[in-house]
Amino acid sequence: MTKRRKSLLSLMMALALMLSLFSPAASAETSMQAYVSAMQPGWNLGNSLDATGSETSWGNPEITPSLIQQISAQGFKSIRIPITWSHRMGGAPDYTIDPAFMDRVQQVVDWSLDAGLYVMINIHHDSWQWINAMPAKHDEVLARFNAAWTQIADRFKNHSSKLMFESVNEPVFEGVDDAAQMALLDELNTSFFRIVRASGGKNAVRPLVLPTLWTNSGQEYLNSVATTVSNLNDPNLIATVHYYGYWPFSVNIAGETRFDDSSINDIVTSFDRIHHTFVANGIPVILGEYGLLGFDKNTGTIEHGEMLKYFEYLTQYARSKNITHMLWDNGQHFNRNTFQWNPELYNVIMTSLTGRSSTASTDLIFLKQGAGVTDAAIDLNLNGNRFVSLKNGNTTLKSGRDYKINGNVLTIKANYLSKLISGGLGEKAVLSAQFSAGANWSFHVLHYNTPKLENASGTTGSFVIPTAFNGDRLATMEAVYADGSNAGPQNWTPFKEFGYAFAPSYSENQITLTPNFFKEVNDGVVNLKFHFWSGAVVNYTITKNGAGVSGTAS
């Protein structure tokens, strides 16, 4: 090679190097982004130290080292420990935190660090217990908030940098508009930052987590915290938001029983805003809580397969936007006595760290009693994977004889399904579809007949409808007056909120209409329609007269 060609080659290589340094795609990951990425996935120790009574007052067992070790062993890299301080603090002016409780917090933090986890602690339900009164009691609230963080920062100032502080959970302020609320939050976040940074030890560089108002992902709330971060000009700051899904689906209201395009669009637009505002500008983000709001009443509020599709899409999309997610769990997902997960949910979350799981249009196959059995054709959402096999327990079904696969359509043949429906009504089998990657998908085969409801009488405080579910499952309920107008709470829709207005009990063979429902029902006739997952719709009429209620089956 000539000297001229060597010089030209050297010049081209130097130019390529310079261009790479200025290319956004090739920009180096910040140390704080690397820190947050290493936290993926995370888990919340909900309803324990954040309980407004004792540690066990909200139904969970006492925290043990074994519990923390199990979370780490199951593959979680971080733990958020929500803490409510209000009833463990003395009065003004010192607002002294109970030393025994502070010791207990440190014990749980130390167990978590010893288990190799990244750890987040915060001020939790205090947000709605007293911090929300800041507009009317500005100086008092600020003094108490500052006192709390002065004591917490001092206790943990020499702890590992894998411990981070979150200023306040889901902040909200009463009686003022959004602009005033965001200004108050900026004041608290800034005060929190200055207290911790001035407290010495490792707190000088400890990662600090700043929430948006309500931890909401509305653009104005994201912008406000982005401004706070910019003004503080510190490389070790992290933003946090929470996400509980498209609200009608999340609580099962307005007939939104399925994870559909509305729910997908809500995830995409929310996470895109978060990424554009924070991550793309060098501010790491932790999804400090995520789940479904209906779970506060019962995990059955959202149909199981639809729930799995939601978690599958959410977790993989968060990862694609470089957002670390921390599952909200108040005891309903990971059993803190047996250390057992809902396995399908666990598998979906863990698969999302590297890829995607396949799902299907449904996880329910209904076979009606006395009717001819037909092929069940089910659309698969392969999500880049390949269908491998279908099993019933340990028995692998035979392609061509028991089922066929055509592109993304799985057809389970009538001759095989017919073999499953001998005997009474109810669940007859759980078929498991395996794919080339990701979690399996279950199909519950249900032998059913149209549910039957019986006449009933009761009061607005206690009214149940005896129900023979006959192998079917309730999806939602409509309520309208005789004139066709919507009845009951949230009367912008005829479809009532599952668990709030009505709730089935399959073990007790009844449907309850709750006091919440009757509080907003006028005297007179209300026509109900109960929609079941088989497609069956059963009509029922109630008549309310003061506190008395009677029900008539159609």
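This is a predicted model: local features need pLDDT of at least 70, side-chain atom pairs count only at pLDDT 80 or more; totals for chains, interfaces and linings use all residues.

Residues are numbered from 1 along each chain as its sequence is written, and side-chain values use heavy atoms, with hydrogens and water left out. Helices (H or I, at least four residues) and strands (E, at least two) are DSSP runs numbered from the N terminus, and two strands pair if DSSP finds at least two bridges between them.

**The barrel**

- A closed barrel of 8 strands runs in the order β1-β2-β3-β4-β5-β6-β7-β8, and its pairing is parallel.
- Neighbouring strands of this sheet are turned against each other by 25° on average, direction ignored.

**Antiparallel strands**

- An open sheet of 4 strands, with antiparallel pairing, has the order β18-β20-β23-β22, and its edge strands, β18 (452–453) and β22, each pair on one side only.
- In that sheet, β20 (residues 463–468) and β23 (residues 510–513) run antiparallel and are joined by 4 bridges, with P466 standing opposite Q510 in β23.
- β24 (residues 524–532) pairs with β21 in the antiparallel sense over 7 bridges, and β24 is also joined to β25 (residues 537–545) by 8 bridges, again antiparallel.
- L528 of β24 is the bridge partner of A479, and L528 also stands opposite Y540 in β25.
- The hairpin of β24 and β25 has 4 residues between the strands, and in this hairpin G535 takes a positive phi near 105°.

**A helix pair**

- Helix α6 (residues 138–156) packs with helix α7 (residues 178–197) at an angle of about 30°, their axes being 9 Å apart; axes are lines fitted to C-alpha atoms, for helices over the stretch in contact, and angles run from 0 to 180 degrees between N-to-C directions.
- The two helices, α6 and α7, are therefore roughly parallel to each other, a term that covers angles under 35 degrees.
- α6 passes α7 in a right-handed crossing, that is, with the near helix turned clockwise from the far one by less than a right angle.

**The two largest pockets**

- Of the 29 residues that line the largest pocket, E170, H242, Y243, Y244 and L293 are the closest to its centre, where lining residues have an atom within 4 Å of a point.
- β6 (237–243) and α10 (261–277) each supply at least two residues of this lining, which divides into 10 nonpolar, 15 polar and 4 charged residues.
- The second largest pocket has a volume of about 490 Å³, and among its 30 lining residues G300, T301, L474, F498 and Y506 lie nearest its centre.
- Two or more residues of the lining of the second largest pocket come from each of β16 (426–435), β17 (441–448), β21 (474–481) and β22 (502–505).
- By class, the lining of the second largest pocket has 12 nonpolar, 11 polar and 7 charged residues, where Ala, Val, Leu, Ile, Met, Phe, Trp, Tyr, Cys and Pro count as nonpolar, Asp, Glu, Lys and Arg as charged, and the others, Gly among them, as polar.

Notes
On a 1 Å grid over the protein atoms alone, a cavity is a set of points where a 1.4 Å probe fits but cannot get out, and a pocket is an open set with protein on both sides within 12 Å along at least five of seven lines; lining residues have an atom within 4 Å of a point. Grid points are joined across faces, edges and corners, and a volume is the space filled by probe spheres set on the points. Angles under 35 degrees count as roughly parallel, over 145 as roughly antiparallel, 65 to 115 as roughly perpendicular and the rest as oblique.
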